Amino acid sequence: MIMDKIALVLAIIGGLNWGSIGIFGFDIVAFLFGGSSSAISRVIYTLVGLAAIWCISLLFRDTAAADERA
């Protein structure tokens, strides 16, 4: 499903950004989009958060049944 892939990519971007903050103290999203309080950065942070919530659903799906149907 395309939403799963989009959510996974956004969650990976968020994880890399948090890793950058933790290791280097550098927020990539804030750097690229004008600070952590800019509107664009806040939209990206929100999308990453929503993607992470979507990825939680991946843990509870019955993928074996989906593979049999494909």
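Colleague: Let's start with Asp4: is this residue buried or exposed?
Modeller: In this predicted model, Asp4 has a relative accessible area of 14%. Buried stands for under 20%, exposed for over 50% and partly exposed for what lies in between, using a 1.4 Å probe and protein chains only. Asp4 therefore counts as buried.

Colleague: Good to know that it is a prediction. What pLDDT do local features need here?
Modeller: Residues are numbered from 1 along each chain as its sequence is written, and side-chain values use heavy atoms, without hydrogens or water. In this predicted model, totals for chains, interfaces and linings use all residues, side-chain atom pairs count only at pLDDT 80 or more, and local features need pLDDT of at least 70.

Colleague: Which residue meets the side chain of Asp4 in a salt bridge?
Modeller: The structure holds one salt bridge, meaning a side-chain nitrogen of Lys or Arg within 4 Å of a carboxyl oxygen of Asp or Glu. Here the N to O distance is 2.6 Å. The pair links distant parts of the chain, 57 residues apart, with Asp4 in helix H1 and its partner in the loop between H3 and helix H4 (63-69). That partner, partly exposed at 33%, is Arg61.

Colleague: Which element gives the largest share of the nonpolar patch?
Modeller: The elements giving two or more residues are helix H1 (2-24) and H2, where helices are DSSP runs (H or I) of at least four residues and strands (E) of at least two, numbered from the N terminus. The largest share, four residues, comes from H2.

Colleague: And how far apart are the ring centres of Phe26 and Phe31?
Modeller: A search of the whole structure finds one aromatic pair, and a pair requires ring centres within 6.5 Å, with planes under 30 degrees apart called stacked, over 60 edge-to-face and the rest tilted. The planes of Phe26 and Phe31 stand at 55°, so their pair is tilted. Phe26 is partly exposed at 37%, while Phe31 is exposed at 59%. Their ring centres lie at a distance of 5.2 Å.

Colleague: Which residues does Ser20 touch, not counting those up to four places away in sequence?
Modeller: Ser20 sits in helix H1 and is buried because its relative accessible area is 8%. With contact taken as heavy atoms within 4.5 Å, Ser20 touches Gly25, Phe26 and Ile28.

Colleague: What about Gly35: which residues are its contacts beyond four places in sequence?
Modeller: Gly35 lies in the loop between H2 and H3 and is partly exposed at 23%. Its C-alpha atom is 30 Å from that of Ile2, 33 residues away along the chain. Leaving aside neighbours within four places, Gly35 is in contact with Ala30 and Ser41.

Colleague: Finally, how far apart are the end C-alpha atoms of residues 39-60?
Modeller: UniProt, in an unreviewed entry, places a "transmembrane region" at residues 7-33 and 39-60; its positions follow the numbering used here, feature names are shortened, and annotations may be inferred rather than shown by experiment. Residues 7-33 are 89% helix and 0% strand, with end C-alpha atoms 20 Å apart. Residues 39-60 are 95% helix and 0% strand, and their end C-alpha atoms are separated by 33 Å.

How values were computed: Phe/Tyr/Trp six-rings, centres within 6.5 Å; stacked < 30°, edge-to-face > 60°.
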